[in-house]
Amino acid sequence: MIVMGSIDERVNVAVDAWLRWVPRWEPGTHRGRARLCRRCTGSPILAAAGIAADVPHQVTHALVSRMQRIIDKDVDDFTEAELPTLHAELTGAELWRSGGYDPAAGLDPEYEGLEPDPDPGEGEQPFLFTLAGLAEESRPEPPLPRPPLSAEEKRRLRNEIELADERAAAAGREVCFALVGHKPRIEAAIQRFVEPQIQAMLDELSRNLEPPQ
Ligand SMILES: [Zn+2]
């Protein structure tokens, strides 16, 4: 019942979408990120795509997020079709969340998985209004707690979580394997659209650093 072939096609479509996005990328004018990105740091997706460590994070993140969506979708579909206990558990959690404002909902892949609010720098005023704060305020009261799971239900749930993890790992490997085939296209796009902008920034920087004559 495990059909992996479609991941290949999804990777192809997602790389196409990323290639259409890259020419519009410009170096951010905001301060550098304060935290390490949990999604990108050490991701095998980067190695598979041939993306070097010095490529700007936004460019990297836009690709990693698109690949992550493919993996998540695959695991979601698998869970819905094959893992009834876990599916019921997740659907319950979703009902609990829905109704509130979710700052992470409906984001473009470039922004997915990042902190919704910029980090207030040290010694600066914190933001008076934050998206995370709004989400907290608009969260509905949780419904009455459900009856606790029986030992048998817990065992089944643990087993299904394990199967979902295995499925995610398999989908991740499949995505990486498919990505390797797109390496030349990805590398060419970075060389053409990203590297000249970084070089321009470095040139500008060194001009500003030159002592006045
Ligand atoms: Zn990232």
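Here are legends for a few close-ups of a predicted model, in which local features need pLDDT of at least 70, side-chain atom pairs count only at pLDDT 80 or more, and totals for chains, interfaces and linings use all residues. Residues are numbered from 1 along each chain as its sequence is written, and side-chain values use heavy atoms, with hydrogens and water left out.

View 1. Cys-37 (SG), Cys-40 (SG), His-57 (NE2) and His-61 (ND1) sit 2.0 to 2.3 Å from the zinc ion; donors are N, O and S atoms within 2.8 Å of the metal (3.2 Å for Na, K and Ca), and water is not among the atoms, so sites may look incomplete. The four donor atoms subtend angles of 104 to 117°, so the arrangement is tetrahedral (four donors, all angles between 85 and 135 degrees).

**View 2. Spacing of the zinc donors.** Along the sequence, the donor residues read C-x2-C-x16-H-x3-H. His-57 and His-61 are four residues apart in helix α3, so about one helical turn separates them (helices are DSSP runs of H or I, at least four residues, numbered from the N terminus).

**View 3. Helix α3 meets helix α6.** The axes of α3 (residues 57–82) and α6 (residues 151–180) come within 9 Å and cross at roughly 140°; axes are lines fitted to C-alpha atoms over the stretch in contact, with angles from 0 to 180 degrees between N-to-C directions. The contact (heavy atoms within 4.5 Å) includes Met-67, Ile-70 and Phe-78 of α3 and Leu-163, Arg-167 and Val-175 of α6.

Key:
Helices (H or I, at least four residues) and strands (E, at least two) are DSSP runs, numbered from the N terminus. Four donors count as tetrahedral if all angles lie between 85 and 135 degrees; four count as square planar and six as octahedral if opposite donors are over 155 degrees apart and all others between 65 and 115; anything else is irregular.
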